[in-house]
Amino acid sequence: MISLRDVSKIFPGTREPAVRDLTLDISRGEVVVLVGPSGCGKTTTMKMINRLIEPTSGSIEVDGADVLARDPVELRRTIGYVIQNIGLMPHRTVAQNIEMVPRLVGWDRSKIDARTAELIEMLDLDPDLLPRYPSELSGGQRQRVGVARALATDPPVMLMDEPFGAVDPIVRERLQDQFLDLQERIRKTIVFVTHDIDEAIKMADRIAILNLGARVEQYATPAEILSQPANDFVRAFVGIDRGLKRLALARASDVDELIAAVRGDRK
Amino acid sequence: MKEQPFIRWDWIADHTDEIWARLLEHVQLTALAVGIGLLISLPLAVLAYRRRVFYPPLTWVTGILYTIPSLALFAILVPYTGATSRTTAEIGLVSYTLLILIRNIVAGLDGVAADVKEAARGMGYSPNQLLLRVEIPLALPAIAAGIRIATVTTIGLVTITALLGQGGLGYFILLGLNRVFTTATMLGAVLSALLAILVDRLLILAEQRLTPWSRARAA
């Protein structure tokens, strides 16, 4: 669904590339989490997919189409985007925020209203919030409005940059669970950036652990990364409590794999 | 010379029509100056915001204009645009608004939160859509503050253009000076001060109407 080939990014005035010769394939309907220490190039990598950052070299395809050949403004309207501080428009109501992309692409009023109602339902938001301004919402509500806005035109691909980073741990946990439930139903292809390995383990179908220059140290399922870390960097990044983390992996689809992984680990 | 009272209310009562006409003229001169100032400042400020290299020379030039004493500026302009023309008055008045407006507009645009701009870009707003639908609306409080300062300053400066046969309420001040007639001087001064206060209040109300989100806060 998304494929990066030998992608590099060198920012002007720097010698070391932020991203060096990165090749990564992301399958349809998968949540891929890019995780790594700060400055490793994970956010840069994500932003090259919707061309908020232009790659210096290499090629990027989304759904078989060359991203670099498209008009960047048009391209971004087809890719959902959620950032850490959500970036809701403070001068627009909740409804107007959710309607931003549908209005950009010229949907008619009745279609927009129907979709907004559907999204409100999907994200378990109170319809009474629609005429409110973002400053009147709680952190968790803002975050859900941000996700609703990114989903408005039902884009097949979503980019999420530390989307749960700005809320407190209890709310974060709830939002993560809710988002996983939602993803079960909508099956988007999602690139998710975080620096938090626990969040990566919880949210990901596959995790790419990145080192400086967006070097892929391991690209595998959470269970594999916990049971068979590819090298010392991964082992150190995952942490010494990886046995415990493995137990916390509660997603039903992983259970078989987990059991196999645990057995493999013991022999 | 006959002794006069400090304020001759009967003179004021006899001249209400003229007072209204001068007041209206004062408002017109001010509105025209701030309006033209805004038309010039907005594109220049947007240019300076997007291409930073233009900002220092812009503040430099408008800063020089701002520091020229108004009397001297009018004296310089008179040979070119006439001694009693509205054009002479307006050129001077407009040039004093530029620095204030440009600085406030740029500061307002700079103050728009980076995550808001990034989110809008990420959703596919073109640079112009971003400017018109996000950056300028969110910069409105700072822009409005600039308009208020420019307007109040201009209301004061308009009185000086009385020397050019313009001047709105400045006419009375000049009249009072020439004839040592405190009633007229006081009338011109007090009314122009009241006008400044009133217009400032009205602009605050207008800004509040235009930015309903800034009053909405979590309960």
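## Helix over the sheet

The model is predicted.

## The open sheet

In chain A, 6 strands form an open sheet. Their order is β6-β7-β8-β3-β9-β10. The pairing is mixed. Two strands sit at the edges: β6 (79-82) and β10 (215-220) of chain A. Each of these pairs on one side only. On average, neighbouring strands of the sheet are turned by 15° against each other, direction ignored.

One residue pair can be named here: A:V82 has A:M160, in β7(A), as its bridge partner.

## Contact with chain B

Chain A also touches chain B. Here 20 residues of chain A are in contact with 16 residues of chain B. Helices α2 (72-77) and α4 (100-104) of chain A each supply at least two residues of the chain A side. Which element gives the most to that side? It is α2(A), with 4 residues.

How do the residues on the chain A side divide by type? There are 10 nonpolar, 5 polar and 5 charged residues on the side that touches chain B.

Conventions:
Residues numbered from 1 in each chain as written. Chains lettered and ligands numbered in written order. Predicted model: local features only at pLDDT ≥ 70, side-chain atom pairs only at ≥ 80, totals over all residues. Pairing = 2+ DSSP bridges. Axes fitted to C-alpha atoms, helices over the stretch in contact; angles between N-to-C directions. Contact = placed C-beta atoms within 7 Å. Nonpolar A, V, L, I, M, F, W, Y, C, P; charged D, E, K, R; others polar.
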